[in-house]
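Please read it alongside the sequence and the coordinates.

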Amino acid sequence: MTDAVKHIGSANEFKALLASTQYVVADFYADWCPPCKAIAPKYAELAGQHDIPGYIAFAKVNVDKLQALAGEYGITAMPSFIFFKDGKRVKANGSLKIEGADWPKLKAASDKMGKLAAAKADKDEDLK
């Protein structure tokens with residue numbers, strides 16, 4: 001299985017992903033963070049289930065390598081998950097971000113976003 005997670009190398013790469021993909025789930029993590037390591041395989045599983053190029057993407061942003069980007073989004077705890085629609089932050093289950101390796105909240109929000117993206121992709125396919 002190939003890795004469906006987009007490993008972000010620069011702020012410009014992240015901004016390009018936001019501009020080219022309707023829904024984006026972003027995992028702000030650190031290599032040294034035990035909870036980040038613990039949830040990483042589950043995050044990759046969600047990406048494998050829901051990834052639809054142009055409609056939904058799952059990104060990983062290393063907060064130590066991209067400190068300015070992490071600061072721009074107010075990241076103070078790792079992991080932190082932020083959800084985007086059309087390049088703008090949106091609430092996931094009533095919150096602008098999920099802090100910590102909260103698998104039930106992450107799964108619920110990602111599944112919901114995945115269903116929305118799949119419905120949009122199906123609708124666009126029907127219009128062709």
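This is a predicted model: local features need pLDDT of at least 70, side-chain atom pairs count only at pLDDT 80 or more; totals for chains, interfaces and linings use all residues.

Tyr73 counts as buried because its relative accessibility is 11%, below the 20% limit for that class.

**Aromatic pairs**

- A pair of aromatic rings is described by two quantities, the distance of the centres and the angle of the planes.
- The count of aromatic pairs comes to seven.
- In the pair of Phe28 and Tyr73, the ring centres are 5.9 Å apart and the planes meet at 50 degrees, so the pair is classed as tilted.
- This pair links distant parts of the chain, with Phe28 in strand β2 (residues 23-29) and Tyr73 in the loop between α3 (67-72) and β4, 45 residues apart.
- Phe28 has a relative accessibility of 0% and therefore counts as buried.
- Phe28 and Tyr73 also belong to one aromatic cluster with Phe14 and Phe84.
- Burial is likewise found for Tyr43, whose relative accessible area is 0%, and for Phe58, also with a value of 0%.
- The rings of Tyr43 and Phe58 have centres 5.6 Å apart and planes at 70 degrees, so this pair is edge-to-face; the angle is over the 60 degrees that this class requires.
- Tyr43 in helix α2 (residues 34-50) and Phe58 in strand β3 (residues 56-62) are 15 residues apart, and their pair too links distant parts of the chain.

**Charges over rings**

- The charged end of Lys42 is placed over the ring of Trp103, at 4.8 Å from the ring centre.
- Lys60 lies over the face of Tyr29, with a distance of 4.3 Å to the centre of the ring.

**Disulfide**

- A disulfide is a covalent bond between the sulfur atoms of two cysteines.
- One disulfide is found in a search of the whole structure.
- The disulfide joins Cys33 to Cys36, with an S to S distance of 2.5 Å.
- The torsion about the S-S bond of Cys33 and Cys36 is about 80 degrees, so the disulfide is right-handed.
- Cys33 and Cys36 are both buried.

**Largest pocket**

- The volume of the largest pocket is about 160 Å³.
- Its lining consists of Tyr23, Phe83, Lys85, Val90, Lys91, Ala92, Asn93, Ala109, Lys112, Met113 and Leu116.
- The largest share of the lining, four residues, is supplied by α4.
- By class, the lining has seven nonpolar, one polar and three charged residues.

**Backbone features**

- Most residues other than glycine have a negative phi, and most peptide bonds are trans.
- The peptide bond between Met78 and Pro79 is cis, with omega about -10 degrees.
- Pro79 is located in the loop between α3 and β4.
- Asp86, a residue other than glycine, has a positive phi near 50 degrees.
- Asp86 lies in the loop between β4 and β5 (88-90) and counts as partly exposed because its relative accessibility is 48%.
- Asn93 is not a glycine either, yet its phi is positive, at about 55 degrees.
- Asn93 is found in the loop between β5 and β6 (98-99), and at 47% relative accessibility this residue counts as partly exposed.
- Asn93 is also one of the residues that line the largest pocket.

**Buried helix residues and C-alpha separations**

- Ala47, in helix α2, is buried, with a relative accessible area of 0%.
- Ala47 and Ile82 are 35 residues apart in sequence, and their C-alpha atoms are 14 Å apart in space.
- Leu69, in helix α3, has a relative accessibility of 3% and so counts as buried.
- Leu69 and Arg89 are 20 residues apart along the chain, with 14 Å between their C-alpha atoms.

Key: Residues are numbered from 1 along each chain as its sequence is written. Side-chain values use heavy atoms; hydrogens and water are left out. On a 1 Å grid over the protein atoms alone, a cavity is a set of points where a 1.4 Å probe fits but cannot get out, and a pocket is an open set with protein on both sides within 12 Å along at least five of seven lines; lining residues have an atom within 4 Å of a point. Grid points are joined across faces, edges and corners, and a volume is the space filled by probe spheres set on the points. Helices (H or I, at least four residues) and strands (E, at least two) are DSSP runs, numbered from the N terminus. Ala, Val, Leu, Ile, Met, Phe, Trp, Tyr, Cys and Pro count as nonpolar, Asp, Glu, Lys and Arg as charged, and the others, Gly among them, as polar. Rings of Phe, Tyr and Trp (its six-membered ring) pair if their centres lie within 6.5 Å; planes under 30 degrees apart count as stacked, over 60 as edge-to-face and the rest as tilted. Buried means under 20% relative accessible area, exposed over 50%, partly exposed in between (1.4 Å probe, protein chains only). A charge sits over a ring if NZ of Lys or CZ of Arg is within 6 Å of the ring centre and within 35 degrees of the ring normal. A disulfide is a pair of cysteine sulfur atoms within 2.5 Å.
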